[in-house]
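Hi everyone, thanks for coming. Please have a look at the model on the screen, and I'll walk you through it.

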Amino acid sequence: MSWGVRPAFGLIPRAVWNASIRDSHWQISLLGLRASLPMRAEPKKKKKIDPKREQAARERLRKRLKKLERVPPELIPIEDFNTPTKLLDESRVRDPPKLKMEESERRALLMKEWSRYKQKEHDREAEMIQSMIKAQQQALQELRLESEQLYQAAIKQDQGLFPLELQGCSFTPPIADYQAPDGKYRDITKVYTQ
């Protein structure tokens, strides 16, 4: 094996010199060897720290920690109750889709038929309510003839009747076997850390 003499590196085998030429993954490169040489610079001197200043900095840090412990944790805002201002913009109005003449006529006839159905249903309910009120008035008159005390107890308001929950009818009937699309969404949920 032949040896090459270099003043910067000392005695280095010629195989190491040829390693950069071959670019083999298991042989070292001269560029890596050059990067590992120590730099000729003086080490920085450590600054002398005043003990009083160091103690004051520690005290300030302790005070900050105590102040943070006293502050209650910040509540996470509920953003479902706040409507974004970009959604309240009046200029954001979507135009209704253009319908064919046959489709608009079909929808108008369907709406008229639905209105007639709801009117008949309302009339039946009103008639039923009137007959119930009439029967109730007759029963109260008969009860008053029997006993005034029972009559006063019967007309007394029931305090346990409310809160009352009622579910009204929807504006349009549901579509049978309707599969709602999942749609696409982008998760913008904010993550709060305490």
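Let me begin with what I mean by a pocket: on a 1 Å grid over the protein atoms alone, it is an open set of points with protein on both sides within 12 Å along at least five of seven lines, where a cavity would be a set in which a 1.4 Å probe fits but cannot get out. Its lining residues have an atom within 4 Å of a point. Grid points are joined across faces, edges and corners, and the volume is the space filled by probe spheres set on those points.

Before the results, please keep in mind that this is a predicted model, in which local features need pLDDT of at least 70 and side-chain atom pairs count only at pLDDT 80 or more, while totals for chains, interfaces and linings use all residues. Residues are numbered from 1 along each chain as its sequence is written, and side-chain values use heavy atoms, with hydrogens and water left out.

So, how much space lies in the largest pocket? About 220 Å³. Its lining includes Arg 107, Trp 114, Phe 171 and Ile 175. By type, the lining residues are six nonpolar, one polar and two charged; here Ala, Val, Leu, Ile, Met, Phe, Trp, Tyr, Cys and Pro count as nonpolar, Asp, Glu, Lys and Arg as charged, and the others, Gly among them, as polar.

Stepping back to the overall layout, the chain has five helices and two strands. These are DSSP runs, with helices being H or I of at least four residues and strands E of at least two, numbered from the N terminus. The order from the N terminus is β-β-α-α-α-α-α. Of the 194 residues, 5% count as buried, where buried means under 20% relative accessible area, exposed means over 50%, and partly exposed lies in between, with a 1.4 Å probe and protein chains only.

Now to the charged pairs. Side chains of opposite charge can pair when their charged atoms come close. I call it a salt bridge when a side-chain nitrogen of Lys or Arg is within 4 Å of a carboxyl oxygen of Asp or Glu, and the whole structure has six of them.

One is in helix H3, residues 51–70, where Glu 59 and Arg 62 sit three residues apart, about one turn of the helix. Their closest N and O atoms are 2.6 Å apart. Glu 59 is partly exposed at 33%, and Arg 62 is partly exposed at 44%.

Helix H4, residues 101–146, holds Arg 106 and Glu 103, three residues apart, with a closest N to O distance of 3.1 Å in their salt bridge. Glu 103 also bridges to Arg 107, at 2.9 Å. Because Glu 103 and Arg 107 are four residues apart in H4, about one helical turn separates them.

Last stop: the segment after helix H5 (148–155), where Leu 161 lies. Leu 161 is partly exposed, at 46%. Asp 177 is also found in the segment after H5, and it has a positive phi of about 55° although it is not a glycine. At 77% relative accessibility, Asp 177 counts as exposed.

That's my tour, and I'm happy to take questions.
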